[in-house]
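Biologist: I have a model open and would like to go through it with you. Can we start with the sheets and then look at the helices and charged pairs?

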Amino acid sequence: MNLLAGADRLPRALLALEDGSCYAGQCCGSEGEAFGELVFNTSMTGYQEIVTDPSYAGQVVTLTYPQVGNYGVTATDGQAAAPALRALVVRDMCFEPSNWQSVQSLPDYLRQEGVVAIQGVDTRALTLKVREAGAMRAAVSTTDLDPASLVARVRASSPIGSHNFVGDVSVGERAALAPQPAPSGRPRRVVAYDCGMKRGIADALRARGLELVVVPWDTPAEEALALGPDAAFLSNGPGDPQSVGATQEAARALLGRLPVFGICLGTQLMVLA
């Protein structure tokens, strides 16, 4: 169901940017307010994977594709146990999904997880703004609907680089993940530094016959080497790589002693190392 026709029945919401721009809309998730760095994603599908991607911790995510939620939320597509993003911005939210695998609607899931969301925003125009001006601080609120007030509070909020979000989303202790399917001989062992690793990445590595030993982001290199790995992997993750000093130090110590590879934030950490 396209909700824009019945938007007058939804709580009002406001999106404010640090450049002074404001966008009025309607709440399509949890009520309340959230502050974070405004970013966009242009994918046409995969909104559940985006919402549950730990790399979006601390961020307000705008989905460029105009209608979101059509196929609901499934039991298997999540990339983490819970969302880490601060808020979601969409053009038109679907409250009545059509998909035999759906277990609930996206708005119901967002409310369940406490994720603030706004619909009724021209997300394509917003994407162009971010592309031209760069990522900026933003807020989505259903409680403070005064544009001047919310913009002032956004400008007073902390930048994303002031906090190490990797520490919020990394595993708390080491975990071993067997290859699937099991290889005929000894599997290659990879120490995976979890900076916010998506489940899909771990599954893809295991499907290639690799044994993963997932370790917290701040594991010293010597502890990783003591596990007898054939390689080390630095995962994706949120925030500013300059804030993830412990993983940088581990990468610096591992480079040249065994193969090291990474993706997204992990690649940035390798460059800094």
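Biologist: Which residue is the bridge partner of L38 in β4?

Modeller: The partner of L38 in β4 is V60. Before we go on, this is a predicted model, in which local features need pLDDT of at least 70 and side-chain atom pairs count only at pLDDT 80 or more, while totals for chains, interfaces and linings use all residues. Residues are numbered from 1 along each chain as its sequence is written, and side-chain values use heavy atoms, with hydrogens and water left out.

Biologist: In which sense do β3 and β4 pair?

Modeller: Strand β3 (residues 33-41) and strand β4 (residues 59-63) pair in the parallel sense, over five bridges. Two strands count as paired if DSSP finds at least two bridges between them. The strands themselves are DSSP runs of E with at least two residues, helices are runs of H or I with at least four, and both are numbered from the N terminus.

Biologist: What holds paired strands together in general?

Modeller: Strands of a sheet pair through backbone hydrogen bonds, either parallel or antiparallel.

Biologist: What sheet do β3 and β4 belong to?

Modeller: They are in a closed barrel of seven strands, which runs β1-β2-β8-β6-β4-β3-β9 with mixed pairing. Neighbouring strands of this sheet are turned by 35° against each other on average, direction ignored. For angles, axes are lines fitted to C-alpha atoms, for helices over the stretch in contact, and values run from 0 to 180 degrees between N-to-C directions.

Biologist: How does β8 pair with β2 and β6?

Modeller: β2 and β8 run antiparallel and are joined by two bridges, with I118 in β8 as the bridge partner of C27. β6 and β8 pair in the parallel sense over three bridges, and there A87 stands opposite V116 of β8.

Biologist: Which residues of β8 are buried?

Modeller: Both faces of β8 (residues 116-119) are covered: V116 and I118 are buried on one side, A117 and Q119 on the other. Buried means under 20% relative accessible area, exposed means over 50%, and partly exposed is in between, using a 1.4 Å probe and protein chains only.

Biologist: Which helix lies across β1, β2 and β3?

Modeller: Helix α3 (residues 123-133) does, and it also lies across β4, β6 and β9. The helix runs at about 85° to β3.

Biologist: And α4, which of its residues are buried?

Modeller: In α4 (residues 147-156) the buried residues are L150, V151 and V154. Seen down the axis of α4, they fall within an arc of 100°, so they line one face of the helix. The arc is that of the directions from the helix axis to the C-beta atoms. A148 and A156, on the other side of α4, are exposed.

Biologist: What covers that buried face?

Modeller: The cover over the buried residues of α4 includes β1, β2, β3 and β9. Contact means heavy atoms within 4.5 Å.

Biologist: New topic. How many salt bridges are there in the whole structure?

Modeller: The search finds 11. A salt bridge is a side-chain nitrogen of Lys or Arg within 4 Å of a carboxyl oxygen of Asp or Glu. One of them joins the side chains of R137 and E18, at 3.2 Å from N to O. R137 lies in strand β9 and E18 in the loop between β1 and β2, so this pair ties together parts that are 119 residues apart in sequence.

Biologist: Is E18 buried or partly exposed?

Modeller: E18 counts as partly exposed, at 26% relative accessibility.

Biologist: What about the D108 salt bridge, what is its partner?

Modeller: D108 pairs with R111, with the closest N and O atoms 2.3 Å apart. The two are three residues apart in helix α2 (residues 106-113), about one helical turn. D108 is partly exposed at 35% relative accessibility, and R111 is partly exposed at 38%.

Biologist: How do β13 and β14 run?

Modeller: Strand β13 (residues 231-234) and β14 run parallel and are joined by three bridges. L234 has G262 in β14 as its bridge partner.
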